[in-house]
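Got a model open and wondering where all those labels come from? Let's go through some of them and check each against its cut-off.

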Amino acid sequence: MLFWKSCVHSRNLCRGSGTRKGTTGGRQMKRHRSAAILLALALSVSACGQRAEKRAETAETTALAPFTAADREMYSIAVDGIQAEEDGAYAILVTLKNKTADKTLKFSLEHASGDKLVLDSYLGAELAPGKTVKENIAFRKSPYYAFSDFSDIRLDFEVEDEADPLARRNQPDEVHIYPHGGNSGARFERHAKKHDKVIAEDDTFKVVFLGGEFNDRKNYLMHFYLENNGEKEMRFAIDYPSLNGKMIANVMTAYLKPGERRFDTLRFSKSKIEENQITAVHDAEFSLKVTDGKNISSALLFDDTIRLKP
């Protein structure tokens, strides 16, 4: 552990501080070295203590007692814990079990959210009869939130019989995980930032442009925050985008249930950026439509062309 290595290293410095005795210069040098070593030791111990406190804090926010999330005649799903990765990502650890003697079952994650903020993740596992498997449901690090911010993590699992996939269609198991306890009272809320640009809003929805950037792969990304504050599912669609007046075929579509929110990104590939000789984005334009998510042919809730200077 880093804590142990740092502190042992400091003690080794103390042990290895030998100087020649019998001269005034040697004694002075020894006193100076001793003072410097004691200062280094104090700083190291302080840093060790801070790192230990940080680890304890992280362990506390990610600690979770294992529990059975779904126990059906054909299968079971258990949540084993939440694991923090070194790169800031998180994973929910689950155990899937096929209880049948003659059916192959497919397990998938249909939906994930934290305090109604939609989270992108994936689970796809195929289990032979009588088999059990441990899986990690991974969530990437986000610049907009920490996984430990959430008090209620919701996972919707779909389990299908491979031979008859329609038999259990639309019968998801809705699982709730409360990392801080069921009565913590905490809830993730996004607060407006200085550079936010609200591009569409009424009493039932909001669309915010968060900014644009080139990533390390030289793709261009436009970031958005979406909210459904209404009572019906909504569909948000960005289409016909152009950068610096050059049309680039692309689309971003998101469905949000009532009360849900999400961060989303419109991505332009490196090849398209280079093909259009774009080295910096001065202006962007696109069509934004908001409709009823269950009936997209119904009257539009919002329909306009948006122009931005990222």
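What follows is a set of questions and answers about this predicted model.

Q: Why is the pair of Tyr75 and Phe107 called edge-to-face?
A: Ring centres have to lie within 6.5 Å to pair, and planes over 60 degrees apart count as edge-to-face. Here the centres of Tyr75 and Phe107 are 5.8 Å apart with the planes at 90°, so edge-to-face it is. The model has 16 aromatic pairs by this rule.

Q: What makes the pair of Tyr75 and Phe107 a tie between parts apart in sequence?
A: Tyr75 belongs to strand β2 (residues 75-84) and Phe107 to strand β4 (residues 105-114), so the pair joins parts that are 32 residues apart in sequence. Tyr75 and Phe107 are both buried, too.

Q: Why is the pair of Phe224 and Phe286 called edge-to-face?
A: The planes of Phe224 and Phe286 sit at 90° and the ring centres are 5.7 Å apart, so the pair gets that label. Phe224 is in strand β12 (residues 220-228) and Phe286 in strand β17 (residues 284-292), which puts them 62 residues apart and makes this a link between distant parts of the chain. Both Phe224 and Phe286 are buried.

Q: Which residues do ring pairs link into a cluster?
A: That would be Tyr90, Phe139, Tyr144, Tyr145, Phe147, Phe150, Phe188, Tyr225 and Phe263.

Q: How do you know that Arg190 lies over the face of Tyr225?
A: The distance part of the rule asks for CZ of Arg within 6 Å of the ring centre. Arg190 lies over the face of Tyr225 at 5.2 Å from the ring centre.

Q: What lines the largest pocket?
A: The largest pocket holds about 980 Å³ of space. It is lined by 32 residues, and the closest to its centre are Pro143, Tyr144, His223, Thr265 and Arg267. Sorted by class, the lining has 14 charged, ten nonpolar and eight polar residues.

Q: What makes the phi of Asp115 worth a look?
A: Most residues other than glycine have a negative phi. Asp115 isn't a glycine, yet its phi is positive, near 50°. Look for Asp115 in the loop between β4 and β5 (117-118).

Q: Is Gln277 buried or exposed, and how do you know?
A: Exposed means over 50%. Gln277 has a relative accessible area of 67%, so it counts as exposed. Gln277 is in the loop between α3 (270-275) and β17, and has a positive phi of about 55° despite not being a glycine.

Q: Why is the link from Ser287 to Lys289 called a polar contact?
A: The distance cut-off is 3.5 Å between N or O atoms. The side chains of Ser287 and Lys289 make their polar contact at 3.2 Å. Ser287 is in strand β17, and at 11% relative accessible area it is buried.

Q: What makes Arg261 count as buried?
A: Its relative accessibility is 5%, so Arg261 goes in the buried class. Arg261 sits in strand β16, and its side chain reaches the backbone oxygen of Phe188 at 3.1 Å.

Terms used:
Residues are numbered from 1 along each chain as its sequence is written. This is a predicted model: local features need pLDDT of at least 70, side-chain atom pairs count only at pLDDT 80 or more; totals for chains, interfaces and linings use all residues. Side-chain values use heavy atoms; hydrogens and water are left out. Rings of Phe, Tyr and Trp (its six-membered ring) pair if their centres lie within 6.5 Å; planes under 30 degrees apart count as stacked, over 60 as edge-to-face and the rest as tilted. Helices (H or I, at least four residues) and strands (E, at least two) are DSSP runs, numbered from the N terminus. Buried means under 20% relative accessible area, exposed over 50%, partly exposed in between (1.4 Å probe, protein chains only). A charge sits over a ring if NZ of Lys or CZ of Arg is within 6 Å of the ring centre and within 35 degrees of the ring normal. On a 1 Å grid over the protein atoms alone, a cavity is a set of points where a 1.4 Å probe fits but cannot get out, and a pocket is an open set with protein on both sides within 12 Å along at least five of seven lines; lining residues have an atom within 4 Å of a point. Grid points are joined across faces, edges and corners, and a volume is the space filled by probe spheres set on the points. Ala, Val, Leu, Ile, Met, Phe, Trp, Tyr, Cys and Pro count as nonpolar, Asp, Glu, Lys and Arg as charged, and the others, Gly among them, as polar. A polar contact is a pair of N or O atoms within 3.5 Å; within protein, one must be able to donate a hydrogen and the other to accept it, and residues adjacent in sequence count only if both atoms are side-chain atoms.
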